[in-house]
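I am opening this notebook to record what I looked up, entry by entry, with the strands to begin with and the pockets towards the end.

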Amino acid sequence: NTLAQPVQFSISTDLGFQRSFKKEQRFWAAGHTTQCNFHFNPKDVIYFLFGYFTEGKFKNNVTATAKSPLTTPQQIGYTNRATMRFKQFSLGWKKYLKGTFDAEEGWNLYGIAGLGLLFGRVDNNHSATIDTSLYDTPVYSGKAGFKRLTLDIGLGWEVPVGGDFFFYTEG
C-alpha cells in the first residue's frame, strides 16, 4: 500500500545551461534549479521545481516596412539588441524505471512528466528610432514580460556518490 509508508522528502539543486536554437534568438544562459521531492514509495516521486536563468543576449538585423506606399523610404533596416531571461515553476511526477530513489549502489533511470509555468522577460533596444505610426516593425522596442505553460517530459539518470549524495543528469 503506497499510503501506508511515511512520505520521505529530499531536495536537489544544480547549475545548468540553457540554449536557444531559434535562428533569430540564439543565446546561452546559465541557470540554477532547486527541486523538492516527495517520495511516496521507492519508485514514485512527486516533485516541485523552481529554476531561474541569467539573461541571454542576442542581436538580429531586422527591417521596418512602410504602412503606406507614399512613405519614403519604404524600408528601414536596423539592428535589434536584446536580452531574454526565464524563470520556471513546475510540478510533476518521477517514476523510477530502474533502481529506486534511495539506492546505495548501481545506477538509476527515471522518467519525468509534469506541468509548469515559464515566466519570460525580454528587453529590445533598436539601433534606430522607428516611427511606428508610419512603419510596421517585426520587433517592438522596450521591455515586456510573457508567460507560457510548459509540459515537462524527460528522462533522468543518477548514481550515488556516497552518503545521501547523488550525481544526476536530466534531459
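The model I am reading is a predicted one.

**Entry: the hairpin of β8 and β9**

I looked up how β8 and strand β9, residues 165–170, are joined, and found that they pair in the antiparallel sense over six bridges. In this hairpin two residues lie between the strands, and Gly163 takes a positive phi near 60 degrees. I then checked Gly162, and its bridge partner in β9 is Phe165.

**Entry: β5, β6 and β8**

Which way do strand β6 and β8 run, and how many bridges join them? I find that they run antiparallel and that 17 bridges join β8 to β6, which covers residues 108–126. On its other pairing, β6 meets β5 in the antiparallel sense as well, here over 18 bridges.

I followed individual positions across these strands. Leu91 stands opposite Leu115 in β6, and Leu115 in turn stands opposite Leu151 in β8. For Gly116, the residue that stands opposite in β8 is Thr150.

**Entry: the largest nonpolar core**

Which residues make up the largest nonpolar core? I list nine in all: Phe27, Ala29, Phe53, Phe58, Ala82, Met84, Phe86, Leu118 and Val122. The elements that give two or more residues to this core are β2 (27–41), β5 (75–98) and β6, and β5 gives the most, with three residues.

Phe27, when residues up to four places away in sequence are not counted, touches Gln18, Arg19, Ser20, Gly56, Lys57, Phe58, Met84 and Phe86. Phe86 lies in strand β5, and it counts as buried because its relative accessibility is 11%, where the cut-off is under 20%. Leaving aside neighbours within four places in sequence, I see Phe86 in contact with residues including Phe27, Phe53, Leu118, Phe119 and Phe146. Gly51 is also among the contacts of Phe86, and although Gly51 and Phe86 are 35 residues apart along the chain, their C-alpha atoms are separated by 8.3 Å.

Is Thr137 buried or exposed? Thr137 is found in the loop between β7 (135–136) and β8 (142–162), and I record it as buried because its relative accessible area is 13%, which is under 20%. Beyond residues up to four places away in sequence, Thr137 touches Ala64, Tyr78, Ile130 and Thr132.

Thr33 lies in strand β2 and counts as buried at 14% relative accessibility. With residues up to four places away not counted, Thr33 touches Ser12, Thr13, Asp14, Leu49, Phe50 and Gly51.

Glu104, which lies in the loop between β5 and β6, is exposed, with a relative accessible area of 72%. I compared the positions of Glu104 and Thr33, which are 71 residues apart along the chain, and their C-alpha atoms are separated by 24 Å.

How much space lies in the largest pocket? I note about 760 Å³. Of the 26 residues that line this largest pocket, the closest to its centre are Thr33, Leu49, Gln88, Glu170 and Gly171. The elements that give two or more residues to its lining are β1 (8–20), β2, β3 (44–53), β5, β8 and β9. By class, I record the lining of the largest pocket as nine nonpolar, 13 polar and four charged residues.

The second largest pocket holds about 560 Å³ of space. It is lined by 24 residues, of which the closest to its centre are Ser10, Ile11, Phe101, Asp164 and Phe166. Two or more lining residues come from each of β1, β2, β5, β8 and β9, and the largest share, six residues, comes from β1. I close with the classes in the lining of the second largest pocket, which are ten nonpolar, eight polar and six charged.

Terms used: Residues are numbered from 1 along each chain as its sequence is written. This is a predicted model: local features need pLDDT of at least 70, side-chain atom pairs count only at pLDDT 80 or more; totals for chains, interfaces and linings use all residues. Side-chain values use heavy atoms; hydrogens and water are left out. Helices (H or I, at least four residues) and strands (E, at least two) are DSSP runs, numbered from the N terminus. Buried means under 20% relative accessible area, exposed over 50%, partly exposed in between (1.4 Å probe, protein chains only). Contact means heavy atoms within 4.5 Å. Two strands pair if DSSP finds at least two bridges between them. A nonpolar core is a set of buried Ala, Val, Leu, Ile, Met, Phe, Trp, Tyr and Cys residues joined through side-chain atoms within 4.5 Å. On a 1 Å grid over the protein atoms alone, a cavity is a set of points where a 1.4 Å probe fits but cannot get out, and a pocket is an open set with protein on both sides within 12 Å along at least five of seven lines; lining residues have an atom within 4 Å of a point. Grid points are joined across faces, edges and corners, and a volume is the space filled by probe spheres set on the points. Ala, Val, Leu, Ile, Met, Phe, Trp, Tyr, Cys and Pro count as nonpolar, Asp, Glu, Lys and Arg as charged, and the others, Gly among them, as polar.
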